[in-house]
Amino acid sequence: MTDEKKQEFTLRISQANKSQLVVILYELFFFYIEEAEASFAEGNIADYVSELGKAHECLNELIASLNPEQELARTLTQFYFYVSARIGAAIGSRKTEPLADPKRLMKRHYEIYKADAVNDTSAPVMGHAQTVYAGLTYGKSDLNVSREDGSANRGFYA
């Protein structure tokens with residue numbers, strides 16, 4: 001993952017509410033699957049396995065975010081376990097074919113969560129994150145991003 005992509009995801013995470021965080025986890029899952037497939041196409045099996053491991057970590061976060069007391073959560077857990085098993089099959093077989101079904105199914109769930117997140121007007125999970133304004137000013141060749149944190153020093157004092 002490039003530094004620019006990391007910054008993009010970090011910014012979105014710092015400004016996201018609970019529903020948006022789930023959407024971001026799905027997007028990270030798809031990003032890592034795409035990276036894995038690109039590594040496989042280049043013949044780099046070590047990176048293929050590593051990227052699939054990162055996608056698996058996204059699944060673990062999705063599972064951890066569920067409330068096990070609800071029936072829907074138990075169903076989703078079984079679904080995520082199925083996707084996890086298919087990723088394991090892809091790692092074990094060193095082939096991309098086992099990823100087709102999980103990608104299709106995860107895409108359906110992603111679309112549902114994405115539509116639901118639009119209606120969620122709750123506050124961001126990170127309450128004391130910097131406020132970021134993009135697009136207010138432009139540089140010679142790019143967009144400037146301004147941050148406003150309300151204090152001159154955001155670090156810890158030793």
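**Entry 1: the whole chain**

I counted the elements first: the protein chain has 5 helices and 2 strands (DSSP runs, H or I of at least four residues for helices, E of at least two for strands, numbered from the N terminus). The model is predicted, so I note that local features need pLDDT of at least 70 and side-chain atom pairs pLDDT 80 or more, while totals for chains, interfaces and linings use all residues. Residues are numbered from 1 along each chain as its sequence is written, and side-chain values use heavy atoms, with hydrogens and water left out.

From the N terminus on, I read the order α-α-α-α-α-β-β. I looked up burial next: 28% of the 158 residues count as buried (under 20% relative accessible area, with exposed over 50% and partly exposed in between, 1.4 Å probe, protein chains only). I then took contacts (heavy atoms within 4.5 Å) with a separation of 6 or more; residues 24 or more positions apart account for 59% of them.

**Entry 2: helix H4**

I checked the length of H4, residues 71–93. Its 23 residues should span 33 Å at 1.5 Å a residue, and the end C-alpha atoms are 33 Å apart, which agrees (the expected span is 1.5 Å times one less than the number of residues).

I listed the buried residues of H4 as Ala73, Leu76, Thr77, Phe79, Tyr80, Val83, Ser84, Ile87 and Ala90. An α-helix has 3.6 residues a turn, so residues three or four places apart point the same way. What covers the buried residues of H4 includes helix H2 (18–41), helix H3 (45–64) and helix H5 (100–119). After H4 comes Arg94, with a positive phi near 60°.

**Entry 3: H4 against H5**

I looked up how H4 and H5 pack: the angle is about 145° and the axes are 9 Å apart (axes are lines fitted to C-alpha atoms, for helices over the stretch in contact, with angles from 0 to 180 degrees between N-to-C directions). From H4, I noted Leu76, Phe79, Tyr80, Tyr82, Val83 and Arg86. They meet Asp101, Pro102, Leu105, Met106, His109 and Tyr113 in H5. By class, this contact has 9 nonpolar, 1 polar and 2 charged residues (Ala, Val, Leu, Ile, Met, Phe, Trp, Tyr, Cys and Pro count as nonpolar, Asp, Glu, Lys and Arg as charged, and the others, Gly among them, as polar).

**Entry 4: Ser39**

I found Ser39 in helix H2. Ser39 counts as buried because its relative accessibility is 9%. Leaving out residues up to four places away in sequence, Ser39 touches Asn44, Asp47 and Tyr48.
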